[in-house]
Amino acid sequence: MTTKTAWITGATSGFGAAAVERFVAGGWRVIASGRRAERLQRLVTQHGAERVHATAFDVRDESAMRAAHAALPPEFAGIDLLVNNAGLALGTAPAQQADLAQWKQMIDTNITALVSLTHLLLPQLIERRGTIINISSIAGSYAYRGGNVYGGTKAFVTQFSQNLRCDLHGTGVRVSSIEPGMAETEFTLVRTGGDQAASENLYAGAHPITAGDIADTIWWVTNQPPHLNINRVEVMPVSQSAAGLQVARDS
Ligand code: NDP
Ligand code: 8X3
């Protein structure tokens, strides 16, 4: 059996790091990207350079992205699976108090970088009848206070995934959107600017999704028979639900 290659963005932490483990264990080669080079290097040390290729760059830097692609070693150059996972939420403030720079960083990372890497890899994904898995979020489907631009970026990711399917009709390329709810990763630490207590409090007693759960979901979606496309997977912890609209009386 030929060894397949996945490019997993955001591989330094959370879902991406767990997906690297899952795919390497499953016999794949993995291109692991993210900004924290030392964490990527640890993956290479752990699994070997023939299994993991580390490439450290900021996904918002399009020329660095193109250079990373151009510098892939030949055995990693044929990409069968793109997992667009790198992303973040910044802030929980309502729109009227939010920081515009944070909004722009979320748009640049969660939308612009995701479409740039997808556009770059599309020709070879078509040639290899590959798979694209975009990590969206329930925040793209369910509105909540403080979700403002983060939820907007994920609504884009979900809809872009479905629109890609239409454009790729007949090519054999599969496109999926995975939309997790509350998962315990570094996500809340990043969102709150490093507030460890806020992160711990959010997850305490909630039995949140784990990074391994989402790595397993990515693996399951990828390993469906070639005639099946899982369009969307929405997954929440049992403890979370989209409970309740609210009414502001006399406002
Ligand atoms: P983590 O914070 O643990 O991981 C985020 C990853 O994204 C890191 O590897 C980080 O790498 C990478 N990343 C962020 N910004 C950049 C950048 N500018 N350039 C390159 N890489 C970047 O969070 P999760 O694992 O939870 O998040 C992964 C994805 O899942 C995100 O898209 C998130 O929106 C989504 N998600 C998360 C949920 C949750 O509750 N945790 C639920 C639903 C969706 P580095 O910092 O090294 O660059
Ligand atoms: C993250 C999931 O519920 O924190 O995308 O918005 S949630």
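Me: How far does a backbone N or O atom of Gly10 lie from an oxygen atom of ligand 1?

Reply: This is a predicted model, in which local features need pLDDT of at least 70, side-chain atom pairs count only at pLDDT 80 or more, and totals for chains, interfaces and linings use all residues; side-chain values use heavy atoms, without hydrogens and water. Residues are numbered from 1 along each chain as its sequence is written, while chains are lettered from A and ligands numbered from 1 in the order in which they are written. A polar contact with the ligand is a pair of N or O atoms within 3.5 Å. For the backbone of Gly10 and an oxygen atom of ligand 1, the distance is 3.0 Å.

Me: Which residue has a polar side-chain atom 2.6 Å from an oxygen atom of ligand 1?

Reply: Gly181 has a backbone N or O atom 3.5 Å from a ligand oxygen. The side-chain approach at 2.6 Å is made by Arg35.

Me: What share of the accessible area of ligand 1 does the protein cover?

Reply: On its own, ligand 1 has 870 Å² of accessible area (Shrake-Rupley method, 1.4 Å probe).

Me: Which helices each supply at least two residues of the shell around ligand 1?

Reply: The ligand is surrounded by 30 residues (a heavy atom within 4 Å), among the closest being Thr12, Ser13, Tyr150 and Thr185. By class, the shell has 12 nonpolar, 12 polar and six charged residues. The helices (DSSP runs of H or I, at least four residues) that each give at least two shell residues are α1 (14-25), α5 (148-167) and α6 (187-191).

Me: Why is the ring pair of Trp7 and Phe57 called edge-to-face?

Reply: The whole structure holds five aromatic pairs (ring centres within 6.5 Å). Trp7 in strand β1 (residues 5-9) and Phe57 in the loop between β3 (52-56) and α3 (62-70) are 50 residues apart. Trp7 has 0% relative accessible area and Phe57 has 7%, so both are buried (under 20%). Their ring centres are 6.4 Å apart, and the pair is edge-to-face (planes over 60 degrees apart) because the planes stand at 90°.

Me: At what angle do the ring planes of Phe156 and Phe160 lie?

Reply: These rings have their centres 5.6 Å apart, and the two residues, four apart in helix α5, are separated by about one helical turn.

Notes:
A polar contact is a pair of N or O atoms within 3.5 Å; within protein, one must be able to donate a hydrogen and the other to accept it, and residues adjacent in sequence count only if both atoms are side-chain atoms. Ala, Val, Leu, Ile, Met, Phe, Trp, Tyr, Cys and Pro count as nonpolar, Asp, Glu, Lys and Arg as charged, and the others, Gly among them, as polar. Rings of Phe, Tyr and Trp (its six-membered ring) pair if their centres lie within 6.5 Å; planes under 30 degrees apart count as stacked, over 60 as edge-to-face and the rest as tilted. Buried means under 20% relative accessible area, exposed over 50%, partly exposed in between (1.4 Å probe, protein chains only).
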